[in-house]
Amino acid sequence: MLKIWSMKQQQAQAENAEGAAGKKKKKVTAAQLRVQRDLQELTLGNTMKMTFPNPDDILNFTLTIEPDEGMYKGGVFNFSFAVNQNFPHDPPKVKCTQKIYHPNIDLDGNVCLNILREDWKPVLNLNAVIVGMQFLFLEPNASDPLNKDAADDLRTNREGFKRNVRSSMAGGSVRGVSFERVLR
Amino acid sequence: MSQQGRWKHLYKVMSKPGPYCDDDWVPGSDTIDTLESSKILVIGAGGLGCEILKNLALSGFKDIHVIDMDTIDISNLNRQFLFRQADIGKPKAEVAAAFVEKRVKGVKITPFVGKIQDKDEDYYMQFKIIICGLDSIEARRWINATLIGMVDPENPESLKPLIDGGTEGFKGQARVILPTLSSCIECQLDMHAPRPAVPLCTIATIPRQPQHCIEWAHQIAWQDKRKDDTFDSDDMEHISWVYHAALERAQQFHIHGVTFQMTQGVVKNIIPAIASTNAVIAASTTSEVLKIATGCNPYLENYMMYAGEEGVYTYTFEAEKKPDCPVCGNLARKMDVDPDMTLGDFIESLGERAEAQLKKPSMRTEEKTLYQRFPPQLEEHTRPNLRLKLRELVENGEEIAVSDPAYTIDFRYRLVFK
């Protein structure tokens, strides 16, 4: 044991030959480094925007999606992203901060996207997640629902579902549930 | 057996220098005290873990901790000998700890039921050596990265040797990892080929093998027909349902060979576990712990493979550090800087340095985002930093992490003021 420690000490001394070691400084965490890299490699296009409540904390931010086509066109949707220190081993935690009518997003804002749960792999990056999020608005998926009523609605009556989406986005209610106004 | 009698041989080894021990090794009571006071963490209380706990306790360690998140299943009982029929459903860590404590007087085993990820650096810092008998690569990578991140050059005791054992059928390996000094789990990752996953489209459209039909029944048919039931691989009725669905599909495609047993194997992702392989590997890993903790003999450098399928074969070699290892190859390098240089000039100078040639870097410290090129909001916010002097942004000796899209790896520098 002592031998191993002295090996480390020798290595450290060799590196600090000129001194100036000082007290233990905090290291950039692996999660921060990975997020820094992921952010750099994002392609946001003009339908997405990111905001950082505290720009020094890149692990927590908001993604705003403004779909320019599909049933949700004209809406402004906000998602909070919370990346933990175990990223990229753990996926980011993503929640919709508004109450919206969507088959894959429940009324509490939980999002059902395979790569946020069972299909998450550390090789996936934030870009994959936001592309997936954007896709949810272009192609809501009725076969994998979190909001079962909305999914049934989409499956059985696509036109009616579209109308319900429009009215929910305008702040109206669908089957007795009122939604937040999210129009631009 | 009397306490004296039990440890007689162990004490002998600790009290006399052997032919292989270091010249400066001091045998005697101090070494025995070191052994008995060393706090050891065992990760996993399964096939390997049971053996490891038993071996450590019988090697004279007195303060052992064990982490495992699983509960005992009936299929564990053939080889996980610390468990009995009445223990089924109870947490492995607790039952294993209680059993060994009862059997070996004087040893204290502290169980924790949960995931290794539930614990932080402070927790891992209290141990001298960490030994693991895990079945997942994911968990190995996590503990490896955590231990490497914990190493503080100023404090040698922050370096925690990691002894890793693994088995699959008749094959196994034992390795000693000295975080930051030797090759790490991440460096060695490509030696272990992942189990090839069958693409979902093959399963969904044209199966070729009986296993494809089972995967289809398990992943697709179940979702379709029984989505309200959560599939439980221990529920006989569920397995049987999948088996019949798979059999039917196999007949449609004229595929033979779907059996009940194969169904169980595929859905539970069973790797055959052989008790003796676990015993061999656990014995090897625990003797490494004993040797490292006491210094009584040289330790394994650094990888022992064991193959028992045809006779017995073992081979020991030194796995090398990977220079571009994303975990241990990415330690901070020292860089002398002029503290009165602006961040903008510093970034420009990085582009000229031969070893880096970073053209479009983003960088931060643990606390601050120094400069981030994308997304736009962060760029705008950090742009004013470019005009600030380094001394206004970082402390002397602080670490910065730099990413550049031109490189797949990131760089860490410890900035030392000239």
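This is a predicted model: local features need pLDDT of at least 70, side-chain atom pairs count only at pLDDT 80 or more; totals for chains, interfaces and linings use all residues.
Residues are numbered from 1 along each chain as its sequence is written, and chains are lettered from A in the order in which they are written.

The model scores ipTM 0.83 and pTM 0.66.

Chain A contains 5 helices and 6 strands, where helices (H or I, at least four residues) and strands (E, at least two) are DSSP runs numbered from the N terminus. Their order from the N terminus is α-α-β-β-β-β-α-α-α-β-β. Of the 184 residues in chain A, 32% are buried; a residue is termed buried if 20 or more other C-beta atoms lie within 10 Å of its own, exposed if 12 or fewer, and partly exposed in between, with C-beta atoms placed from the backbone. Two residues are in contact if their C-beta atoms, placed in that way, lie within 7 Å. Of the contacts in chain A between residues at least 6 apart in sequence, 51% join residues at least 24 apart.

The contact between the chains takes 38 residues from chain A and 46 residues from chain B. On the side of chain A that touches chain B, two or more residues come from each of α1 (2-15), α2 (30-40) and β1 (48-51) of chain A. The most is given by α1(A), with 10 residues. By class, this side of chain A has 18 nonpolar, 10 polar and 10 charged residues, where Ala, Val, Leu, Ile, Met, Phe, Trp, Tyr, Cys and Pro count as nonpolar, Asp, Glu, Lys and Arg as charged, and the others, Gly among them, as polar.

An unreviewed UniProt entry annotates A:Cys112 as "active site"; such annotations may be inferred rather than shown by experiment. A:Cys112 is located in the loop between β4 (93-96) and α3 (126-138) of chain A. A:Cys112 counts as partly exposed because it has 18 C-beta neighbours inside 10 Å. Not counting residues up to four places away in sequence, A:Cys112 touches A:Asn104, A:Asp144 and A:Leu146.

In chain B, helix α6 (residues 137-150) has 14 residues and reaches 20 Å from its first C-alpha to its last, close to the 20 Å expected at 1.5 Å a residue, the expected span being 1.5 Å times one less than the number of residues. Buried residues of α6(B) include B:Arg140, B:Ile143 and B:Leu147. The cover of the buried residues of α6(B) includes α2 of chain A, together with elements of chain B, among them β1 (39-43) and β4 (129-133).

Strand β8 (residues 313-317) of chain B, by contrast, is hardly covered, with 0 buried residues among its 5. Strand β7 (residues 303-307) of chain B pairs with β8(B) in the antiparallel sense over 5 bridges; pairing requires at least two DSSP bridges between two strands.

Most residues other than glycine have a negative phi, and most peptide bonds are trans. The peptide bond from B:Phe374 to B:Pro375 is cis, with omega near 0 degrees. A:Arg175 has a positive phi near 45 degrees and is exposed, with 9 other C-beta atoms within 10 Å.
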